[in-house]
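My notes follow in the order in which I took them.

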Amino acid sequence: MDNKILKKYHVTKGNLISSIYFNLNYLIILNICNFKKKKVLDFGGGLGFLKKKLVKKGAIVKIYDIVEELTEIKNYKKFKFDIVIFCHVLMYINENEIKKIFYHFLKFKKIRIIACFSNQTVINKIFARILGHSEPHKDTKTPPHKEEQLLRKVFYVYKNYNFFLFKVLVAKVKN
């Protein structure tokens, strides 16, 4: 895989610091619900680090990613999922596109949405620089507060975990 493509689309390659950060994210996600035999969409799943962990929990996982070489399904709208995970990806999508994505999933009444996103604090920026991202969050199209606002507008958030560097929200379709 071309490193320029990975960098352009913010695909994180594992190193010690990113592994610690993302594994903490994944640990929270993996303990939110029972994934056994659940159909999971890892939206923006990149190199599949989260997928590997979900499969070990018994999930049936498909990755949808903007990078064609990383995606397993070209059109996520043709499949029905029990759980959709957005892990550090919504920030790179504009608000109107996020709304379209969210509204698509409203038709699945029992779906669960798990959104994990950076709080984009000064500490986040320092860690990003250590990881080699000279301009952390430069390509952010939707800031964290807007990500959360959009999710809460469309879905009912019933779990909220805030870990200073990142948040994890769990939502379902409003009744």
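**Helix α4 and its surroundings**

I began with the buried residues of α4, which pack against β1 (39-43), β3 (83-87), β4 (112-118), α6 (144-154), β5 (155-162) and β6 (166-173); contact here means heavy atoms within 4.5 Å. The model is predicted, with local features needing pLDDT of at least 70 and side-chain atom pairs pLDDT 80 or more, while totals for chains, interfaces and linings use all residues. Residues are numbered from 1 along each chain as its sequence is written, and side-chain values use heavy atoms, without hydrogens and water.

I listed the buried residues of α4 (residues 95-105) as Ile98, Ile101, Phe102, His104 and Phe105, where buried means under 20% relative accessible area, exposed over 50% and partly exposed in between (1.4 Å probe, protein chains only). They lie on the same side of α4, because they cover an arc of only 155° around the axis, taken from the directions from the helix axis to the C-beta atoms. On the face turned away from that buried side I found the exposed residues Asn96 and Lys100.

**Helix α3**

In α3 (residues 49-56) I noted Leu50, Lys51 and Leu54 as buried. Their arc around the axis is only 100°, so they too sit on the same side of α3. Lys52 and Lys56 are exposed on the other side of α3. After the helix comes Gly58, with a positive phi near 95°.

**Val122**

Lastly I looked up Val122, which is placed in helix α5 (residues 122-130) and counts as exposed because its relative accessibility is 61%.

Notes: Helices (H or I, at least four residues) and strands (E, at least two) are DSSP runs, numbered from the N terminus.
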